[in-house]
Amino acid sequence: MKIVRYRADEIINFGIMEEDGTIRELAGSPFESLNPSGTIRRLNEVQLLAPVEAPRIIGVGLNYAEHAREVGKELPSEPMLFMKPSTTVIGPDEAIIYPRQGKNVHYEAELAVVIGSPARRVSEAAALDHVLGYTCGNDVSERVIQFAEMQTGTMLIGKGFDTFCPLGPCISTDLDPGNLQVQARLNGDVKQNERTSDLIFSVAQLISYISAAFTMLPGDVIMTGTPSGVGPFVPGDVVEIEVEGIGTLRNPVVAEE
């Protein structure tokens, strides 16, 4: 099942998107129920939005073994976590704003997990029961600022600029997050191409670890980490993130005015 959030006739709704592009509008939020309203839309009649609105975003650093080797780091013994502001979130085809302070801004293709029900101190065995589904994510990062922050033991501004967390195009349910292909393309050229089987900490491990500290809520998003091959982009570029079973998230890059 693919759940989309969209704008039609200036109204925002959720819906179930079928393979033929038909969207069956939901009566409310998918975090409450999947009951249809009876209204039918077509994909070409709506504007797709980020599949969640203003979520808490938990990022995971250095969570692919090959990426850790790429940057010359030892594999972490526990998840390296950070958070991104909700104002980083944009949807499909919305522009990533290259900030005025930007000197070296990178794409990071990621599998993003959307929490569907409250989770507190859940076991790894029960963790996936709290997942609504999965979407494509791009953990955009300004490296000069990020690396300077990391020297002081922090990480916020380098990953926290407005528009630095594209999500979409849908929330796909009933996927096995343990072996999905994750790909990034820059202007059509493949830059990242790995499977989630290379994750150091699985989705279930991450949910269990995080929920041992605080309650995860419906709509929370976990960005599970990025594979090897991260690199820079500049205004005028187009970044595409594709995750197997979900679809392609496309975003142009424009300079901040």
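Biologist: Which residues of helix α3 are buried?

Modeller: This is a predicted model. In α3, which spans residues 143-150, the buried residues are Arg143, Gln146 and Glu149. Buried here means a relative accessible area under 20%.

Biologist: How do you know that the buried residues of α3 line one face of the helix?

Modeller: Looking down the axis of α3, the buried residues fall within an arc of 130 degrees, so they line one face. Those residues pack against β10 (105-107), β13 (141-142) and α4 (157-160).

Biologist: What is found at the start of α3?

Modeller: A side-chain oxygen of glutamate 142 comes to within 3.0 Å of the backbone nitrogen of valine 144. The cut-off for a polar contact is 3.5 Å, so a pair within 3.0 Å meets the distance condition.

Biologist: What makes β13 and β18 edge strands?

Modeller: The open sheet has 3 strands in the order β13-β10-β18, with antiparallel pairing. β13 and β18 (231-232) each pair on one side only, and they are the edge strands.

Biologist: Why is leucine 62 called buried?

Modeller: Its relative accessibility is 15%, and the limit is under 20%, so leucine 62 counts as buried. Leucine 62 lies in the loop between β6 (57-61) and α1 (65-70). Leucine 62 also has a positive phi of about 50 degrees, although it is not a glycine.

Biologist: Why is asparagine 187 called partly exposed?

Modeller: Asparagine 187 has a relative accessible area of 44%. Asparagine 187 sits in the loop between β15 (181-186) and β16 (189-195), with a positive phi of about 55 degrees despite not being a glycine.

Biologist: What makes the peptide bond from glycine 168 to proline 169 cis?

Modeller: Its omega is near 0 degrees. Proline 169 belongs to strand β14 (residues 165-172). Most peptide bonds are trans.

Biologist: How do you know that the radius of gyration agrees with a compact globule?

Modeller: For 257 residues, a compact globule would have a radius of gyration near 18 Å, and the protein has 17 Å, which agrees. Buried residues make up 54% of the 257 residues.

Terms used
Residues numbered from 1 in each chain as written. Predicted model: local features only at pLDDT ≥ 70, side-chain atom pairs only at ≥ 80, totals over all residues. Heavy atoms only, no water. Buried < 20%, exposed > 50% of the residue type's maximum accessible area, 1.4 Å probe, protein only. Helix = DSSP H or I, 4+ residues; strand = E, 2+ residues; numbered from the N terminus. Arc of directions from axis to C-beta. Contact = heavy atoms within 4.5 Å. Polar contact = N/O pair within 3.5 Å; in protein donor to acceptor, adjacent residues only side chain to side chain. Rg over C-alpha atoms; globule rule 2.2 N^0.38 Å. Pairing = 2+ DSSP bridges.
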